[in-house]
Amino acid sequence: MFPFKNLGQLIGRDRDPDKIAVIDLGGDGVSREFSYAAIDAMANGVARALIRDGFKRGDRIAILSANRTEYIVACFGIMRAGLVAVPVNFKFPKKTIDFVIRDAGARLVFCDAERRGDCPAGLPMVGFGAAGKDEFDAFLDPGSFSEVTPEPNEPAMFLYTSGSTGIPKGVVLSHQSHLWVVETRLAGQDLSRQRYLIAAPLYHMNALALAQLAIAAHSTIVLLPNFTAPAYIAAIATYRCTWLTAVPPMIAMMLRETDLLAKTDLSSVQFVRMGSAPVSQSLMSALKRALPKAAVTNAYGTTEA
């Protein structure tokens with residue numbers, strides 16, 4: 001029986017708490033490692049702090065940041081407390097970011113240093129890697145926390161569409177819907193020995209859903225702050241990543257690095273999951289030549305579905 005009821009609580013506490021959950025290659029500019037115990041404690045600290053500060057069940061909390069461990073932790077903590085996580089595309093123009101955050105009704109924004117100036121004026125914020133009273137570490141309220149048991153169809157996340165046919169639209173995603181996604185992808189598999197490389201932005205379901213799967217599987221995430229082809233290739237080789245997730249243009253950019261690919265050992269890769277865009281036959285053929293031992297799939301995500 002699937003043990004989780006809240007999408008923010010995907011950590012099996014009967015499993016090794018000292019196992020590395022996230023190898024963060026960005027964050028504050030240095031490589032950092034976080035155990036499952038640390039991730040769990042930080043997520044509880046977020047949930048406790050939100051309740052301490054008067055946020056109520058169903059309140060929306062935005063996250064505006066490049067990839068970093070605190071992003072995953074904040075998302076989990078928000079949902080554990082029965083609040084709604086709103087990952088925001090930081091590549092939007094400032095005007096669109098302002099629209100999304102206000103349209104969602106967010107009452108607080110978690111953000112990294114580079115995005116502080118893009119937060120709507122007058123809205124409280126907590127800074128990843130910031131100094132002073134607005135710092136994430138200072139915000140945390142350490143201690144145990146019993147996650148909220150969601151009602152049927154209770155929202156866990158609002159994800160916004162790209163707005164390619166107009167303004168971005170908020171899509172309401174429930175705890176149950178994405179617990180089903182995780183449970184279905186885990187069914188009959190032990191994925192705990194996989195190493196998942198995530199470089200796509202966590203505001204997009206391509207990366208966010210894989211982060212949820214990896215944590216539920218008690219595996220290890222190798223997290224890049226953003227995608228560049230050389231860094232992506234280097235991370236695969238250095239950390240012996242077994243599972244890649246990407247949108248097709250990322251894979252195409254990787255495959256253009258022919259000199260680097262020729263001298264890099266990518267034999268650890270077992271699986272490549274692309275999504276969110278069509279894959280041409282030429283791209284698929286080139287990928288199979290570069291990674292002949294890897295299984296490759298292309299799928300659509302669940303934001304609009």
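The buried residues of helix 3 pack against strand 3 (60-64), strand 4 (84-87), strand 5 (106-112) and strand 7 (155-160); buried here means under 20% relative accessible area with a 1.4 Å probe, protein chains only, and contact means heavy atoms within 4.5 Å. Helices (H or I, at least four residues) and strands (E, at least two) are DSSP runs, numbered from the N terminus. Keep in mind that this is a predicted model, where local features need pLDDT of at least 70, side-chain atom pairs count only at pLDDT 80 or more, and totals for chains, interfaces and linings use all residues. Residues are numbered from 1 along each chain as its sequence is written, and side-chain values use heavy atoms, leaving out hydrogens and water.

So which residues of helix 3 (residues 94-104) are buried? They are Thr 96, Ile 97, Val 100, Ile 101 and Ala 104. They sit on the same side of helix 3 because they cover an arc of only 130° around the axis, taken from the directions from the helix axis to the C-beta atoms.

Now hop over to helix 5 (residues 175-186) and helix 6 (residues 205-217), whose axes come within 10 Å and cross at roughly 60°. Those axes are lines fitted to C-alpha atoms over the stretch in contact, with angles from 0 to 180 degrees between N-to-C directions.

Finally, look at Leu 266, in the loop between helix 9 (258-262) and strand 12 (271-275). Leu 266 is buried, at 9% relative accessible area. Beyond its neighbours within four places in sequence, Leu 266 is in contact with Ile 233, Ile 236, Ala 237, Leu 261 and Leu 291.

Definitions and conventions: Buried < 20%, exposed > 50% of the residue type's maximum accessible area, 1.4 Å probe, protein only.
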